[in-house]
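Biologist: Before we discuss this model, I would like every term set against its cut-offs. Could you begin with the open spaces?

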Amino acid sequence: VFANCTGLPESGQYSCARDVAFMLSALLEHEKYFDYSQIWMDEISHNGGRVTEMANTNKMIRSYQGCDGGKTGYTAEAGFCLAASAVRGNMRAISVVIGAPDSKTRFDSTRMLLDYIFANYRSKAVLEDSILPQAYAVTGGKQKTIFVKPARSSYVFCSNDDTDEIFYEIEMNPLRAPIRRGETVGRVVVYKNNIEADTVALLANEDVVKSSYFDSLKDLAQNWNY
């Protein structure tokens, strides 16, 4: 519950570390953010030649491998806080520390949490963003089949020693021409222990032109039984 636009203390307002993790996760979806989050030192020039130098308060940017974003904070109620994110390989981790007694503790705790994640967990590749081997039937088109590909790769967060059952199922829409390349034609549902873990759109990998009347006659002639 937010009572103002800043998140600073105000009557009736409350939050927790999990809320902050969700908010940082949403922010990280915007690629433009990283143009600023990874800057360590910067300057602002003022009229008259005066220059203000600024340093990023998130020291993890230059001291922790893969750290590319985050935000420090402090209020008397919340203590010293840090939300930080780091990426290694195909896995991104988010750590949120609140209520630390001093600045050093929040950074040490964040390093400990991120180290634990990268040492004990992995992002398991389930589906690559490449063309699927199976062709799917198309009705009403100049060609009778089409190949599709996932809109993106799919990864599932797992412990290094997991024995989870991970699989995916393909759900195709009725395919009827015309179809444009890049058009959504279905989806892939990824399951972990029979619980839905991810959903990825399936895209047409080629255009399919609608068949004409003469194409239909040609098909009829070719399939005529003498």
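Modeller: On a 1 Å grid over the protein atoms alone, a pocket is an open set of points with protein on both sides within 12 Å along at least five of seven lines, whereas a cavity is a set where a 1.4 Å probe fits but cannot get out; a lining residue has an atom within 4 Å of a point. Grid points are joined across faces, edges and corners, and the volume is the space filled by probe spheres set on them. The model is a predicted one, in which local features need pLDDT of at least 70 and side-chain atom pairs need pLDDT 80 or more, while totals for chains, interfaces and linings use all residues. Residues are numbered from 1 along each chain as its sequence is written, and side-chain values use heavy atoms, with hydrogens and water left out.

Biologist: What volume does the largest pocket have, and which residues lie nearest its centre?

Modeller: The largest pocket holds about 1200 Å³ of space. Its lining comprises 42 residues, and those nearest the centre are Thr 6, Val 20, Lys 71, Thr 72 and Gly 73. Two or more lining residues come from each of α1 (17-27), α2 (34-37), β1 (41-45), β2 (51-55), β3 (67-75), β4 (79-88) and β5 (91-100), these helices (H or I, at least four residues) and strands (E, at least two) being DSSP runs numbered from the N terminus. The most is given by β3, with 6 residues.

Biologist: How is the lining of the largest pocket divided by class?

Modeller: There are 25 nonpolar, 13 polar and 4 charged residues in that lining, where Ala, Val, Leu, Ile, Met, Phe, Trp, Tyr, Cys and Pro count as nonpolar, Asp, Glu, Lys and Arg as charged, and the others, Gly among them, as polar.

Biologist: Which elements supply the lining of the second largest pocket?

Modeller: At least two residues each come from α1, β5, α4 (103-120), β10 (154-159) and β13 (195-204), and β5 gives the most, with 6 residues. This second largest pocket has a volume of about 830 Å³. By class its lining has 13 nonpolar, 5 polar and 6 charged residues.

Biologist: Why is the approach of Ser 85 to Arg 92 called a polar contact?

Modeller: A polar contact is a pair of N or O atoms within 3.5 Å; within protein, one must be able to donate a hydrogen and the other to accept it, and residues adjacent in sequence count only if both atoms are side-chain atoms. The side chains of Ser 85 and Arg 92 are joined at 2.7 Å, so the pair falls within the limit. Ser 85 also touches residues including Leu 24, Cys 67 and Asp 68, contact meaning heavy atoms within 4.5 Å.

Biologist: What does the side chain of Asn 58 reach?

Modeller: Asn 58, in the loop between β2 and α3 (60-63), reaches the backbone oxygen of Gly 69 with its side chain at 3.5 Å. With 0% relative accessibility, Asn 58 counts as buried, and among the residues it touches are Trp 40, Thr 72 and Phe 107.

Biologist: What makes the pair of Tyr 121 and Phe 157 stacked?

Modeller: Rings of Phe, Tyr and Trp (its six-membered ring) pair if their centres lie within 6.5 Å, and planes under 30 degrees apart count as stacked, over 60 as edge-to-face and the rest as tilted. Tyr 121 and Phe 157 are 5.0 Å apart, centre to centre, with 10° between the planes, so the pair is stacked. Because Tyr 121 lies in strand β6 (residues 121-127) and Phe 157 in strand β10, the pair ties together parts that are 36 residues apart in sequence. Tyr 121 is partly exposed at 27%, and Phe 157 is partly exposed at 43%. Ring pairs link Tyr 116 with these two residues, Tyr 121 and Phe 157, into a cluster.

How values were computed: Buried < 20%, exposed > 50% of the residue type's maximum accessible area, 1.4 Å probe, protein only. Lists of a residue's contacts leave out its neighbours within four places in sequence.
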